[in-house]
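Thank you all for coming; I would like to take a few minutes to walk through one model with you. Please have a look at it first, and then I will go through some details.

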Amino acid sequence: MESENKQQRFINAAKGQKVDKVPVWLMRQAGRYMSEYQELRKSYGILDIIKTPELATEVTMQPINAFNLDAAIIFADILPPLEAMGLELEFINGEGPVIHNPIRNKSDVEALLSPSPHEALGFTLDAIKLARKELDEKNIPLIGFSGAPFTLASYAIEGGASKNRLNLKGMMHSDKDSWHSLMEKLARFSGNYLLSQAEAGAQALQMFDSWVGELSPEDYREYVQPYSKMTLEIAKTANVPLIHFGTNTNGMLPDIKEAGGDVIGVDWRIDIEKASKILGNDVSIQGNLDPATLFSPWEEIESKTKKILDSMRDRDGFIFNLGHGVLQKTPVENVKRLVDFVHEYTDNN
Ligand code: CP3
C-alpha cells in the first residue's frame, strides 16, 4: 500500500489532486554531497557518468536507496544538449561548465546543429529506460528534464557562469534577429528532447529556467516567454505532468505561469503562501526551502519546513522541494530527516 501510494503521490500532486501525504523530492538529489557519488567520481568524469547509461542509472538510484523520496530524477545535466548542437562543452573541476566556442553572432547561430535527440542524446534516453526498470520495482516515478531556452542561451552565449550577462543581453537587445533565431532553435530542441524522454519512460518532465530571474519582466515577456511556451507546448504532447522551474521569479510569476506547466517551481525568495496566492489554484506548486537551511541545527530545519507545510496545508497540488538544488557538503543525515519529516508531518491517515 505504501509503495502503491508512492507511485501516485507525486503524480497526483503534480496534477492538483488529493494525496495521502505531501510528496517530496529534491533538485540535485544525486551528487557530490553523497559519498556514494564522490566514490564513483574518483573513477569517472561527470560527462562519462552521464554518457554511460549503467552509471547514470546507478547515480539516479543513489538518493532513492538512501532516502524515502517520492520521485527520482534522471542523472544528466542541462548542458549536453548544447554539445549535441555543436558547442564544445567541458566541466572543469572546481570551476563548473565551460563552452569553448560560445555563440556571439549570426553565423554562430546559423552553424548550430539540430540533430534528433535519439541520435545525439541517446545515452540519456537509454538511461531512462534502464532506470525505469529499477524504479518500477520500488514504484517510484522518474522525472526527465531539460534546460529552458533562456538558461541554455545564457550558457551558450556567455560560455559559462556570468555575473551580468552582458553578452547575452547585448545580443537580445542589439542583434534581435540572431537572438530570436537562437531561441527558436533552443526551444525546439529542448521541447523535442523532453518529448523523447517521456517516450523513453519519464513519467514527468521538468524545464529548468534557473537564471531567468536575471531579466526584467518586460524583457522576459518579449524575448523569452514565447520560447519557453514553445518548449512546453512541444513537451505537452507527451501527456505527462510538466514542471516549470525558475529562481528569482517573484516579479514575474504570472508571466512564468502563462508560459505553461502543470507545476510551477518557486525559490525561497518569496513566501510560498504569497506565491500560491499569485499563481492561483489551477496550477500546482513546488518548493521552496532555502537549500542553505540544511546546514542548520535540526530545530531550525524543522521549523522552516513546518512553516512551508502549514501554509500549504489546505492546498491540493503541492510538492515539497528545496527552492534550488542540494548544495555540496550538505549533511546527508539532514536530507534523510527532512524527507521523513515531510511525510510524518503531513500524514493524513
Ligand atoms: O537533480 C539531479 O539529481 C539530477 C542531475 C542534475 C545535474 N545538473 C547534475 C550535476 C540536474 C537536474 C542538473 C541541472 C543543471 N545543471 C542546472 C539547472 C538546475 C540548477 O541547479 O540551476 C544547471 C544550471 C546546470 C549546469 C551545471 N552543471 C553547473 C553550473 C554545474 C557546476 C556547478 C555545480 O553545481 O557543480 C554542473 C555540474 C553538475 N551537474 C554536477 C551535478 C551533480 C556537479 C557534479 C560534479 O562535478 O561531479
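When I speak of a polar contact, I mean a pair of N or O atoms within 3.5 Å; within protein, one must be able to donate a hydrogen and the other to accept it, and residues adjacent in sequence count only if both atoms are side-chain atoms. This is a predicted model, in which local features need pLDDT of at least 70 and side-chain atom pairs count only at pLDDT 80 or more, while totals for chains, interfaces and linings use all residues. Residues are numbered from 1 along each chain as its sequence is written, and side-chain values use heavy atoms, with hydrogens and water left out.

Let me begin with the ligand. An oxygen atom of the ligand sits 3.1 Å from a polar backbone atom of Ala 30, and an oxygen atom of the ligand is 2.4 Å from an N or O atom in the side chain of Arg 32. On the nitrogen side, a polar side-chain atom of Asp 77 is 2.7 Å from a nitrogen atom of the ligand.

Now to Ser 196, which belongs to helix 11, residues 176-200, helices being DSSP runs of H or I with at least four residues, numbered from the N terminus. Is Ser 196 buried or exposed? Ser 196 is buried, with a relative accessible area of 5%, where buried means under 20%, exposed over 50% and partly exposed in between, using a 1.4 Å probe and protein chains only. Leaving aside residues up to four places away in sequence, Ser 196 touches Pro 117, His 118 and Leu 125, contact meaning heavy atoms within 4.5 Å.

Methods. Helix = DSSP H or I, 4+ residues; strand = E, 2+ residues; numbered from the N terminus.
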